[in-house]
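Please consult the sequence and the structure shown below alongside the text.

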Protein chains: 2
Amino acid sequence: MQDLKHLSLQSNIGHHFNDANLLHKALRHKSMGGESNERLEFLGDAILNYTVAEMLFQRFPSLSEGDLSRIRAAIVCHESLVKVASRIGIADFLEVDQTHRVEKSKDSILSDALEAVFAAVQLDAGHDVAKKVILHHMEILLSRGEVPLGKDSKTALQEHLQARGIPVPIYSVLSQGEPGARTFEVQCDVPMLRIRMTGKGPNRKMAEKDAAAKVLKKCVASL
Amino acid sequence: MQDLKHLSLQSNIGHHFNDANLLHKALRHKSMGGESNERLEFLGDAILNYTVAEMLFQRFPSLSEGDLSRIRAAIVCHESLVKVASRIGIADFLEVDQTHRVEKSKDSILSDALEAVFAAVQLDAGHDVAKKVILHHMEILLSRGEVPLGKDSKTALQEHLQARGIPVPIYSVLSQGEPGARTFEVQCDVPMLRIRMTGKGPNRKMAEKDAAAKVLKKCVASL
């Protein structure tokens, strides 16, 4: 039964292990004692950063180093990794000491285990396979717009446009919702690029940030 | 003449480029305008971190994640990269705007260019060649004992020993030099490991740190 469960996990990861022990080790939290996934996490973190950097470098030949760094940071950030780990369903397979079980869903344990899994894939089948697996999951994140492009997307968008000599975006409030249940709808318009997106939020500022993030994503996607 | 000079640089790097433009681009500081080495530096930094992480992971199967991280940080730190860049002689080939020429020897320009060179090697000949080049230069650093193992090697050594249940080292002053021209010589002894090294410094504390660094290096090398 355990093995069947692990097969479904391997399907979700997108790699069937020759050496299932590697996967088991990647899922073993240090609270269990013995050989945990910490060393694998160290390796996986480096593999992940390198793989995403290389992908961005190749895919966006006209992006500056600053933009590449910002997008990479958003893709490999803790928050993004937790989303991937959750989609794969890693939490159900983690080996955590009973006394730490309350921590099992803790985000850092999940993202650490995901990095360890990436390292395990590489040790099991080589870098090309690990790269394919990593990029597959990162593509899903990107295509679903789940990558948080920096904490302040308004600033990021403005910098991005200024670096290209494009005038700053124009924000305008479309609606404010009902009093008592306010939901602001804001439009962010970059006329020169003919990009106009709508953002929502519980206040004007957050709606603007939401809209700016969508415009920035469009800008990056159209490069 | 310029080409002959570049040939000697390529010899020092340990790779002869199929596409010499890649090397030129790696040496072009942003002060020159146009396409500089900044994007290559972004990629090279990721390649370097990954390559060193993988090397340490494979070479030291019993080191903890914490020790791996500490040693990696020491190997890829700014100070180490400047040493490698200087040995290769990168400064003589940098393209820097005349008005920035005073900066030419600035450390950050050198270490950035070195990372860009590593990326250029990878783009020119693939990751296996870049890995070989990177590890070659890092090996030289390590073998010459030029890797600064943390700012306080006494603390690092103590942590390293404590994690393994080994009693703390014993320090003893061997000599203090002449008054007016003091050079302290201190011995650091770890009886359980039968490791005993002598350090020198202008004061007792620095001599102790020097000795501790040597013992730590022995400990790591014998793992």
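## Helix H5 of chain B and the residue after it

Just after H5(B), B:Gly89 adopts a positive phi of about 85 degrees. Helices here are DSSP runs of H or I with at least four residues, numbered from the N terminus, while strands are runs of E with at least two. Within H5(B), the buried residues are B:Ser80, B:Leu81, B:Val82, B:Lys83, B:Val84, B:Ala85 and B:Ile88. A residue is buried if 20 or more other C-beta atoms lie within 10 Å of its own, exposed if 12 or fewer, and partly exposed in between, with C-beta atoms placed from the backbone.

The model is predicted: local features need pLDDT of at least 70, side-chain atom pairs count only at pLDDT 80 or more, and totals for chains, interfaces and linings use all residues. Residues are numbered from 1 along each chain as its sequence is written, and chains are lettered from A and ligands numbered from 1 in the order in which they are written.

## Packing of H5 against H6 in chain B

In chain B, the axes of helix H5 (residues 78-88) and helix H6 (residues 107-125) come within 8 Å and cross at roughly 75 degrees. H5(B) and H6(B) are therefore roughly perpendicular to each other (65 to 115 degrees; under 35 is roughly parallel, over 145 roughly antiparallel and the rest oblique). Axes are lines fitted to C-alpha atoms, for helices over the stretch in contact, and angles run from 0 to 180 degrees between N-to-C directions.

From H5(B), B:His78, B:Leu81, B:Val82, B:Val84, B:Ala85 and B:Ser86 meet B:Asp107, B:Leu110, B:Ser111, B:Ala113 and B:Leu114 of H6(B). The residues of this contact comprise seven nonpolar, three polar and one charged. Ala, Val, Leu, Ile, Met, Phe, Trp, Tyr, Cys and Pro count as nonpolar, Asp, Glu, Lys and Arg as charged, and the others, Gly among them, as polar.

## The interface between chains A and B

Contact between the chains involves 16 residues of chain A and 16 residues of chain B, where contact requires C-beta atoms, placed from the backbone, within 7 Å. On the side of chain A that touches chain B, H3(A) gives the largest share, 12 residues. That side divides into eight nonpolar, three polar and five charged residues.

## Symmetry of the two copies

Chain A is superposed on chain B by a rotation of 180 degrees with 0.3 Å of shift along its axis (RMSD 0.3 Å). The two copies are thus related as by a two-fold rotation axis. Superposition is by least squares on the C-alpha atoms of residues with pLDDT of at least 70 in both copies.

Notes. Contact = placed C-beta atoms within 7 Å.
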